[in-house]
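I opened my notebook to write down what I could look up in one protein model. Come and read along with me.

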Amino acid sequence: MKKRVTGIGGLFFKTKDPKASKDWYKKHLGFNTDDHGCTFWWKDKEGNDCSTQWSPFSADTKYYEPSNKDFMFNYRVENLHELLQVLKEEGVTIVGEVEEYEYGKFGWILDNDGNKIELWEPIDKAFL
């Protein structure tokens, strides 16, 4: 497999009040927040538009399960289905089924510490 992770797709964390967190980051750090958090735009080495998502989640979210951590990383990948097959063969725990949307494909794994990791094969142009 040529590439596995190609970048950070998102930083997700739990908070008691997601709206207050978005407001704080907007006021003090200039984040351009919306209902989902903040999208940071950048260009890859080939000049393609790419994005990284920053999102506070409610403290009681179940989205990070089976991990009990207060955060979840999302990594950009080149070929999700191929990568998940390789990871499965390597003994990595796969969580759930691949989900596909107009903005990309998503899959989940657990790392060696039980942290849930989201893998995203993005379609960045869907956000433009």
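My entries follow, one topic at a time.

**Ground rules**

I am working with a predicted model, where local features need pLDDT of at least 70, side-chain atom pairs count only at pLDDT 80 or more, and totals for chains, interfaces and linings use all residues. Residues are numbered from 1 along each chain as its sequence is written, and side-chain values use heavy atoms, with hydrogens and water left out.

**Entry: the annotated span**

I looked up the UniProt record, an unreviewed entry, and it gives the annotation "domain: VOC" for residues 7–122. I noted that UniProt positions are given in the numbering used here, that feature names are shortened, and that annotations may be inferred rather than shown by experiment. In the model, this span is 50% strand and 19% helix, and its end C-alpha atoms lie 11 Å apart. Helices (H or I, at least four residues) and strands (E, at least two) are DSSP runs, numbered from the N terminus.

**Entry: salt bridges**

I searched the whole structure and found four salt bridges. The term stands for a side-chain nitrogen of Lys or Arg within 4 Å of a carboxyl oxygen of Asp or Glu.

Glu 90 is partly exposed at 48% relative accessibility, and Arg 4 is partly exposed at 36%.

I also found Asp 23 and Lys 19 joined by their side chains, at 2.7 Å from N to O. Both are in helix α1 (residues 18–29), and because they are four residues apart there, about one helical turn separates them. Lys 19 counts as exposed, with a relative accessible area of 53%, while Asp 23 is partly exposed at 37%.

Lys 43 pairs with Asp 49, and here the closest N and O atoms are 2.5 Å apart. Lys 43 is exposed at 53%; Asp 49 is partly exposed at 34%.

**Entry: a nonpolar patch**

Which residues make the nonpolar surface patch? I listed Ile 8, Leu 11, Phe 71 and Phe 73, which together give about 310 Å². Patches are made of residues with over 30% relative accessible area and no salt bridge; like charges are joined within 9 Å and nonpolar side chains (Val, Leu, Ile, Met, Phe, Trp, Tyr) within 5 Å. The areas come from the Shrake-Rupley method with a 1.4 Å probe, and for residues only the protein chains shown count as cover.

Strands β1 (5–15) and β5 (71–77) each supply at least two residues of this patch. I checked Phe 73 separately: it is in strand β5, and it counts as partly exposed because its relative accessibility is 33%.

**Entry: the second largest pocket**

I found about 400 Å³ of space in the second largest pocket. Its lining has 16 residues, and Lys 3, Thr 6, Asp 44, Glu 46 and Arg 76 lie nearest its centre. Strands β1, β4 (49–58), β5 and β8 (116–122) each supply at least two residues of the lining.

On a 1 Å grid over the protein atoms alone, a pocket is an open set of points with protein on both sides within 12 Å along at least five of seven lines, and lining residues have an atom within 4 Å of a point. Grid points are joined across faces, edges and corners, and a volume is the space filled by probe spheres set on the points.

**Entry: single residues**

Is Trp 120 buried or exposed? I found it buried, because its relative accessibility is 5%. Trp 120 belongs to strand β8. Trp 120 and Glu 100 are 20 residues apart in sequence, with 9.7 Å between their C-alpha atoms.

Asp 113 lies in the loop between β7 (104–110) and β8, and is exposed at 53%.

Last, I looked at Pro 66, in the loop between β4 and β5. The peptide bond from Glu 65 to Pro 66 is cis, with omega near 15°.

Note on methods. Buried means under 20% relative accessible area, exposed over 50%, partly exposed in between (1.4 Å probe, protein chains only). On a 1 Å grid over the protein atoms alone, a cavity is a set of points where a 1.4 Å probe fits but cannot get out, and a pocket is an open set with protein on both sides within 12 Å along at least five of seven lines; lining residues have an atom within 4 Å of a point.
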